[in-house]
Amino acid sequence: MTSQNQSFDRLCRSGVELSAYSTYEIGGAARHLALPRSIEEMAVMLEGAKTKGLNPFLFGMGSNTLFPDRPDDEMLFFSLKEHIEFKLLPGRLFVSAGTPMTLLALFGLYTGIGAFDFTFLLPGTLGAGVYMNAKYFSHQISDVLETAYVIDKEHPERGILSVPLSQCEYGYKTSIFMRRPWIVVGADLKLPVDPKLTPEETEELFARLKAKNLPTSVLPDYFRHYAGELNAAAKQGFEVRQELLDVITDRGGKYHFDYPSCGSVFKNNYTIGEPMGKLVDRLGLRGTVRGGAMISDHHGNIIQNRGGAKASDVTDLVQLVQEKVEAEFGFLPEPELIIV
Ligand SMILES: Cc1cc2nc3c(=O)[nH]c(=O)nc-3n(C[C@H](O)[C@H](O)[C@H](O)COP(=O)(O)OP(=O)(O)OC[C@H]3O[C@@H](n4cnc5c(N)ncnc54)[C@H](O)[C@@H]3O)c2cc1C
């Protein structure tokens, strides 16, 4: 056995339930799962996958991904969620792809920078946020991105490539990253003002943020953990902006974290003039159940796992909504959810 193979086998786990890696809590045992902690480890995984003829599937926190009940043995599932890195640079902040987006809001909380408030309690990793231009009301990742860094899966020998904002082709939940075989490994984010911290304080803040990372994808735990951070910060004398408190009220009020889900299932179709949730309401589909899955009784664009749901229960509801919307409103809703 070559040392390359040994490294791959050391980094790869077998028989791990993917349900533990998705906020849907759905997904069967994967034959190959890896959580590389660095770009070097990721390169070993990709090289190993090539040698063994495996098809790699990249994910982050699994908050927009529906894993299969019986994963294909020939697939390598790998997530960058354990690769968390921050670096303060003049006028910008480098953040690695595996970093939870909500940590950016906490960075803003501790440094008085409001530009990242929209990422508070936005589940998922920065890499996926850059990939699909994650959005909360009128704010989106493209507002704060300066440069994304990617590796081309088909030409890893070219190393890390820079993609400036002007070349990201950003639109509503779309980007060039969805059309290229690229892995986002990190990004430089714009800082409207430099945080007034000494190098020691900066290092200490980054270590604290890293320590605050919650490794699970269980939504109620995620909510409690990060919402609790505001109280902790207030007790230490940091000013908690109203915008952050409003996120708790808004997302809590929409019952986002009560049951396993991946948030909105479909993209809004802005030519129609009403968001998908409203259209599903008008069709009277809220509360529709298939197996263990249900269209939320509070929000028509969210399908929840109410206990023991299978991937096929969710896809049955996706199909039902698509058929009914197409018949009534004349367009086929495009899923935002990635169905593996
Ligand atoms: C309760 C709840 C509320 C939500 N609210 C919002 C919201 O307000 N706005 C919003 O935009 N989304 C929302 N979402 C969806 C989710 O937060 C975003 O889609 C987020 O960007 C997904 O991040 P992730 O790391 O979990 O991605 P995953 O689900 O792990 O992956 C999603 C896709 O991104 C790709 N990807 C992941 N990492 C990388 C990378 N490093 N490079 C290239 N491609 C990559 C994957 O291949 C996959 O296709 C919500 C989800 C939940 C559960």
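Analyst: One caution about the labels: UniProt positions are given in the numbering used here, with feature names shortened, and annotations may be inferred rather than shown by experiment. Residues are numbered from 1 along each chain as its sequence is written, and side-chain values use heavy atoms, with hydrogens and water left out. This is a predicted model: local features need pLDDT of at least 70 and side-chain atom pairs count only at pLDDT 80 or more, while totals for chains, interfaces and linings use all residues.

Now the site. The unreviewed UniProt entry puts its "active site" annotation on Ser-264 and Glu-336. They are spread over 73 residues of sequence, yet they cluster in space, with a largest C-alpha distance of 7.1 Å.

Let's take Ser-264 to begin with. Ser-264 sits in strand S15, residues 261-264. Strands (E, at least two residues) and helices (H or I, at least four) are DSSP runs, numbered from the N terminus. Ser-264 has 25% relative accessibility, so it counts as partly exposed; here buried means under 20% relative accessible area, exposed means over 50%, and partly exposed is in between (1.4 Å probe, protein chains only). Skipping neighbours within four places in sequence, Ser-264 is in contact with Asn-64, Asn-301, Ile-302 and Glu-336, where contact means heavy atoms within 4.5 Å.

And Glu-336? You'll find Glu-336 in the loop between helix H10 (311-329) and strand S19 (338-339). With a relative accessible area of 10%, Glu-336 is buried. Leaving out neighbours within four places in sequence, Glu-336 is in contact with a list that includes Asn-64, Lys-173 and Ser-264. So which residue shows up for both? Asn-64 is in contact with Ser-264 and also with Glu-336.

Gly-62 lies in the loop between strand S5 (55-59) and strand S6 (65-66). Gly-62 is buried, at a relative accessible area of 4%. Not counting residues up to four places away in sequence, Gly-62 touches Tyr-21, Ser-22, Thr-23 and Cys-262. From Gly-62 to Ile-151, 89 residues apart along the chain, the C-alpha atoms are separated by 20 Å.

Next stop, a helix. Helix H8 has twelve residues (242-253) and at 1.5 Å a residue should span 16 Å, which agrees with its end C-alpha atoms being 16 Å apart; the expected span is 1.5 Å times one less than the number of residues. Its buried residues are Leu-244, Val-247, Asp-250 and Arg-251. They cover an arc of only 120° around the axis, which puts them on the same side of H8. That arc is taken from the directions from the helix axis to the C-beta atoms. Among the parts covering these buried residues of H8 are helix H3 (101-111) and helix H7 (219-235). Just after H8, Tyr-255 has a positive phi of about 55°.

Last, a sheet. Five strands make an open sheet in the order S8-S9-S14-S12-S13, with antiparallel pairing. Strands S8 (86-89) and S13 (160-164) stand at the edges with a single partner strand each, so one side of each has no neighbour in the sheet. Two strands pair if DSSP finds at least two bridges between them; S8 and S9 (residues 92-96) pair over four bridges.
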